[in-house]
Amino acid sequence: MAKMSSFPIRIISLALFSISFLPSLNNGQLTRHSVLTRAKIVYHGGPILIETINVALIWYGNVSLNKKEAIANFLKSLNTDGNFNLQPQVTKWWKMVESYQAMLPGAKHDKVPKIIVNVAKQINDTSYKYGRNLTIGDFITKIVKEHTKEAKNMLPIIITAKDVNMEGVCTKTCAYNGIVGNITPYIILGNPELECPRKCEWPFIQIDSGPKSIFFLQPPNLDKAADAMVIALATTLADTVTNPLNTGFYDGPPKNSIGVGTACKAIFGSGAFPGNPGKVHIDAHTGGSFNAHGIKDQKFLLPAIWNPKTSSCWTLM
């Protein structure tokens, strides 16, 4: 069984098996961000992240406190329930990511182990050490190596301030994952507040292209950029855990893969269709829209994930 509990990792070649990818009428039709043609999520025999994932949050630039709290609390809510009387919980969403362990050849299906996400350290780089225009080839590798050299078993998540221009962010995507030295996966999370709110802040704002929304949701934490960043992080984290080295679960070519989170973008609840995020809860006090409860009574709007058992996009509501 190919799993991944530490870096460097051990890779075992296994036979491929596939998970059919088709639109789910129960959990929303395919949307502007989702796969528009028949595809397959295929397991490629490589490792996935398991057991404990030690995360290094690298705050690059002057990231606002509200955004730090939203992102950190989301990560801490993955393994810790909030008020039990409030459902659904973020932990339920995370269990769908954990369920991919049961899809590995030879895995036991009776009890899926937990995957613990531990925020091991946080680094604040308010000096903009590498400037405000970051490229993958020149700077991302340096940032990752600098902050993981003393702790090899670490998943770096680089979160940029609103005045940082990150290569690929906004022009192509709102967040993405990559690999340094073929052994260390990382995640980059851009801040769309100034550069691309009309690309990365849907469903809280109208988009520049694609189906027009009939209505918009109020962000659960009343900060469009912060809540949009949580959505982007959730999608990318699901992709990274199930496909850390481009040898796990994905569709398409490795350099342009469609992961288990990416496959279901722009779906947040049942009944979703292009321009409509689907069924969500509305906070009676703030008007914020959400579908998951976390720690400290914080609410989140979390995206759909591809369900390997039902071959459909699964949502919390």
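**Sheet order, a hairpin and a surface patch**

Q: In what order do the 5 strands of the open sheet lie?
A: In this predicted model, the order is β4-β3-β6-β9-β8, and the pairing is mixed.

Q: Which are the edge strands?
A: They are β4 (116-125) and β8, each of which pairs on one side only.

Q: And what does the twist average from one strand to the next?
A: The average is 25°.

Q: What packs on the sheet?
A: Helix α5 does, and it touches β3 (52-60), β6, β8 and β9. The direction of α5 makes about 165° with that of β9.

Q: How many bridges join β8 to β9, and do they run parallel or antiparallel?
A: Strand β8 (residues 175-180) and strand β9 (residues 184-189) run antiparallel and are joined by 6 bridges. Within this pairing, V180 has T184 of β9 as its bridge partner.

Q: What about the turn of that hairpin?
A: There are 3 residues between β8 and β9, and G181 in the turn has a positive phi of about 65°.

Q: How is β6 joined to β9?
A: Strand β6 (residues 155-160) runs parallel to β9, with 3 bridges between them. I159 has L189 in β9 as its bridge partner.

Q: Changing topic: which residues form the nonpolar patch on the surface?
A: The patch consists of I214, F215 and F273, which together have about 310 Å² of accessible area.

Q: Where does F215 lie?
A: F215 is in the loop between α4 (197-200) and α5 (224-242).

Q: Why is F215 classed as partly exposed?
A: Because its relative accessible area is 38%, which falls between the limits of 20% for buried and 50% for exposed.

Methods. Residues numbered from 1 in each chain as written. Predicted model: local features only at pLDDT ≥ 70, side-chain atom pairs only at ≥ 80, totals over all residues. Heavy atoms only, no water. Patch = residues over 30% accessible without salt bridge, like charges linked within 9 Å, V, L, I, M, F, W, Y side chains within 5 Å. Areas by Shrake-Rupley, 256 points an atom, 1.4 Å probe, with all protein chains shown as cover. Salt bridge = Lys/Arg side-chain N within 4 Å of Asp/Glu carboxyl O. Helix = DSSP H or I, 4+ residues; strand = E, 2+ residues; numbered from the N terminus. Buried < 20%, exposed > 50% of the residue type's maximum accessible area, 1.4 Å probe, protein only. Pairing = 2+ DSSP bridges. Axes fitted to C-alpha atoms, helices over the stretch in contact; angles between N-to-C directions. Contact = heavy atoms within 4.5 Å.
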